[in-house]
Amino acid sequence: MRKSIFIIFLILPLFGLSVFAQHQVEKRFQFPLPSIIEVKPSSFIYFWGSLLGLRRISSDLAWIRLLQYYGTLEDEEHVHHLDRCERGEYEDLLPMCQEVVRLDPYFHYAYLFGGGCLAFNHERYDEAIELLREGIKNNPKFWKFRLYIAAIVYTRTREYDKVVPLLEEAIRYRDCPEVVKFFLASIYKARGEFGRAIAIWENILATSRNDQARATAESRLKAMEIYR
Amino acid sequence: MKKIIPIIEYTLKENIRHKIFYTILLFALVIIVSSVLFSMLSPGEETRVILDIGLGAIEIFAFLSAISAAVGLVLGEMENKSVSLILARPVRRFEYIWGRYSGILFISLINILVMSLGLLFLLYIKGWEFNFRFLLAITFIFLKVVIISALAILISLISTSAISSVSGTFFLWILGHVTDHLKYLNYVLVQKGVKITIFLKAIYYLLPNFQYLNVKDYMGYPNPLAGTTIFWQVAYSLIYASVATWLSVLVFSRKEF
């Protein structure tokens, strides 16, 4: 009995210390991710992933799902849009991108990819800017989002002379999505600067790990043989 | 201390003899390697996917190995009465519990280090640039295991079967990741005129808070963690785990064999 009382008297101050330590952590640190209840994930897998402390894996799974969605042909009813964005409209592109970046607000590439696709492939400038603005809110120090927004705004107003230097800067970075490179190459092509366009496609062919992007670059290069 | 070391050694040997230890380790390494397949589905962000799946696998399998050790060894020993053989020797009960607990932590540490080396090797092949947060994430995964192992022992001493102790520990693992939501729940309840703030606060401090230690979930967070924050996070984990272990000692000292 005396032993038990001794242990209880040992536990009580230790528990007080644990509460104090927790309070000290709280004072210095706020968990930097939005609550999973606020995110309202579309799949119970992401929800359970978060409950198990696997939030970034949930974001990766949502990201892979987004890539699968964007890499697949849309159904018959969207075929009439093929001339505009080649494969479909992908109306869910923005909500899917938002889900990825709300699960992990520091996933920079997802913002750049989503913003680039929405603006340069689908001409949905407002949606692209909405996504990139969310990126700036969560990552104020990541300046590339501002660069992309500027490029998108100039693209919208068709001020290509101002777009080109911004995109030339963007493609210098390793995390630049292929969609931006293709867009710049198409501007070069339209302006008759074939050498620069070819250089970009050759760069994609040599460095990209994305099979689809490499295949597209190859087909563009084959088409350019006519111009050469 | 002299009496605790043989118990640690005994726990280590017992764990190493267990087939489940190798099964968990092998399965974890398979998952880590298979993350390469997932990374192929995500061009542009391959190393991120490998890193995330790898760290997730390390955490989950370290957790499973700690649970299986805590529940299998302590509860198993009580069920087959072999604990009496140890306690018949000049070993005090608190030495037995602390020895067992330290042994489990030791084996978990070995587990985590082996898996981390496997993951680092894979990331190195893929050309990943080393980030200091990786080490912090691994350290904090170990701290989570430090807490959950202590709780697993406590639950296995309170409960009557292996299933109930495993499910109880699993339940605490989930609750530990959502304790922050109690603040939100409190906010919602206060809005509706229900005031149970003190009750919720008590639960909040009683439950472990694993979110503090979940560095692997905010690897991309731009602000680095300050040294004092890390110090308090480590202090919190160690103190909380020692409270749980002393509670186990209290429960164990009142048991009759």
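**View 1. B:Ile20 is situated in helix α2 of chain B, residues 19–40.** Helices here are DSSP runs of H or I with at least four residues, numbered from the N terminus. This is a predicted model, in which local features need pLDDT of at least 70 and side-chain atom pairs count only at pLDDT 80 or more, while totals for chains, interfaces and linings use all residues. Residues are numbered from 1 along each chain as its sequence is written, and chains are lettered from A and ligands numbered from 1 in the order in which they are written. B:Ile20 counts as partly exposed because it has 13 C-beta neighbours inside 10 Å; a residue is buried with 20 or more other C-beta atoms within 10 Å of its own, exposed with 12 or fewer, and partly exposed in between, the C-beta atoms being placed from the backbone. The C-alpha atoms of B:Ile20 and B:Phe132 are separated by 32 Å, and these residues are 112 residues apart along the chain.

**View 2. Helices α8 (residues 181–191) and α9 (residues 197–206) of chain B pack with their axes 10 Å apart, at an angle of about 175°.** Axes are lines fitted to C-alpha atoms over the stretch in contact, and angles run from 0 to 180 degrees between N-to-C directions. α8(B) and α9(B) are therefore roughly antiparallel, a term for angles over 145 degrees. B:Leu182, B:Leu185 and B:Asn186 of α8(B) meet B:Thr197, B:Leu200, B:Ile203 and B:Tyr204 of α9(B); contact requires C-beta atoms, placed from the backbone, within 7 Å. The contact of α8(B) with α9(B) comprises five nonpolar, two polar and no charged residues. Ala, Val, Leu, Ile, Met, Phe, Trp, Tyr, Cys and Pro count as nonpolar, Asp, Glu, Lys and Arg as charged, and the others, Gly among them, as polar.

**View 3. The largest nonpolar core has 129 residues.** Such a core is a set of buried Ala, Val, Leu, Ile, Met, Phe, Trp, Tyr and Cys residues joined through C-beta atoms within 7 Å. A:Val100, B:Ile58, B:Ala66 and B:Ala70 have the most contacts inside this core. Helix α3 of chain B (residues 46–79) gives the most to the core, with 19 residues. Not counting residues up to four places away in sequence, B:Ala70 touches B:Ile104, B:Ser149, B:Ala152, B:Ile153 and B:Ser156.

**View 4. The contact between the chains takes 42 residues from chain A and 49 residues from chain B.** On the side of chain A that touches chain B, α1 (2–28) and α4 (55–70) are the elements that give two or more residues. The largest share of that side, 16 residues, comes from α1(A). The predictor gives the complex an ipTM of 0.85 and a pTM of 0.85.

Note on methods. Parallel < 35°, antiparallel > 145°, perpendicular 65-115°, else oblique. Contact = placed C-beta atoms within 7 Å.
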